[in-house]
Amino acid sequence: MSAEWNELQTQLPVWLEASRQRAASGKVAAYIPELANAPADALGMTICDGHQQALTAGDCGLQFTLQSISKVFTLLLALMDQGEEGVFAKVGMEPTGDNFNSMLKLELVDPGIPFNPLINAGAIAVSSLIHGATPAEKINRIAAFFQELAGDAALKINEAVYLSETKTAHRNRSLAYFLKANGVLEDVDVEEVLEVYFKHCSIEVNCMHLARMALVLAFDGADPVSGRQLVPRRYVQIAKTFMITCGMYNESGAFAIRAGLPAKSGVSGGILALVPGKYGIGVIGPALNSKGNSTAGVHLLETVSNAFDWSLF
Ligand code: DON
């Protein structure tokens with residue numbers, strides 16, 4: 001075992017309890033009513049390395065839905081289905097500086113394609129690019145891909161969260177119809193695209209699943225356990241770049257300066273992060289800051305990254 005791993009083992013629970021205090025300044029997301037039931041002061045982290053070792057601290061037993069973290073992986077699947085040209089005809093490569101559910105920029109650019117695949121508008125466009133004749137076929141392919149990456153064939157949709165979101169998603173619905181009008185959603189039924197999008201956001205995981213999924217990205221698309229290349233390296237490179245520039249929404253710049261790691265957050269309070277060539281990291285902390293990122297989770301990731309000088313920069 002490396003000295004770093006040993007120190008992580010002793011320090012992680014200490015750092016975690018210090019970061020947990022930050023949860024008090026955040027709020028659990030309530031715009032999807034079912035998410036409001038999550039425990040506000042929970043905080044957990046799992047770190048996996050390439051030698052089948054895992055470290056856990058805090059509330060790692062908590063189950064939560066992927067929400068926006070799923071967007072990284074639907075992007076990878078869309079790239080595998082359509083290639084770079086197919087995907088980037090429908091979605092851009094630039095950060096917005098706006099909230100994740102904003103529609104502001106869709107009217108300001110020509111063509112009116114979403115700025116990037118990690119904002120809601122971009123992820124809805126990406127959902128329409130996944131191969132499959134029906135929404136069920138698409139979501140089955142997405143679930144199978146996520147299961148393979150997470151190393152758990154039992155991953156499934158949390159139906160209560162899915163129903164809660166689909167009933168209340170007036171803003172996402174309007175974004176999607178706007179995309180249809182702009183010609184971004186071609187030859188597809190808007191409601192069917194939304195079904196796929198809400199369902200992949202509602203896939204339920206724990207910190208270990210996030211850490212395993214992140215580990216594949218940390219090893220350039222290869223599963224370090226089996227040695228199998230699950231995703232082409234080039235597509236992982238694209239995904240990691242988006243995670244740095246847009247993964248923490250309009251807090252991505254600050255997070256890149258403070259932690260310097262590719263990461264992706266979700267409104268359930270999950271964060272997936274990675275240290276290239278070394279670790280996959282899963283975090284849950286349901287209380288969010290004003291940008292929609294886990295307030296205690298961000299603090300803990302920054303603490304650990306600084307302690308070991310993990311920043312890419
Ligand atoms: O579309 C939504 O609003 C949610 N299903 C996902 C948003 C999300 O996780 C944004 N994250 N910070």
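Entry 1, the model. I noted before anything else that the model is predicted.

I looked up the shell and found 13 residues, of which Tyr 31, Gln 67, Ser 68, Glu 165 and Tyr 197 come nearest. By class, I get six nonpolar residues, six polar and one charged. I checked the domains as well: domain 1 (3-67 + 205-308) and domain 2 (70-201) each give at least three residues to this shell.

I found a nitrogen atom of the ligand 2.8 Å from a polar side-chain atom of Glu 165. For Tyr 197, I read 2.6 Å between an N or O atom of the side chain and an oxygen atom of the ligand. Val 267 uses its backbone instead, with an N or O atom 2.9 Å from a ligand oxygen. I then looked up the cover: the ligand alone exposes 340 Å², and the protein buries 99% of that. I place the ligand in the second largest cavity.

Entry 5, the second largest pocket. I read about 160 Å³ here. The lining residues include Tyr 31, Asn 99, Phe 100, Asn 250, Val 267 and Lys 291. I count five nonpolar, five polar and one charged in this lining. Domain 1 (3-67 + 205-308) and domain 2 (70-201) each supply at least three of the lining residues.

Terms used
Residues numbered from 1 in each chain as written. Predicted model: local features only at pLDDT ≥ 70, side-chain atom pairs only at ≥ 80, totals over all residues. Heavy atoms only, no water. Near = heavy atom within 4 Å. Polar contact = N/O pair within 3.5 Å; in protein donor to acceptor, adjacent residues only side chain to side chain. Areas by Shrake-Rupley, 256 points an atom, 1.4 Å probe, with all protein chains shown as cover. 1 Å grid on protein atoms, 1.4 Å probe; cavity = no way out; pocket = protein on both sides within 12 Å on 5 of 7 lines; lining within 4 Å. Sits in = over half its atoms within 2 Å of the grid points. Nonpolar A, V, L, I, M, F, W, Y, C, P; charged D, E, K, R; others polar. Domains from an automatic or database assignment. Points joined across faces, edges and corners; volume = space filled by probe spheres on them.
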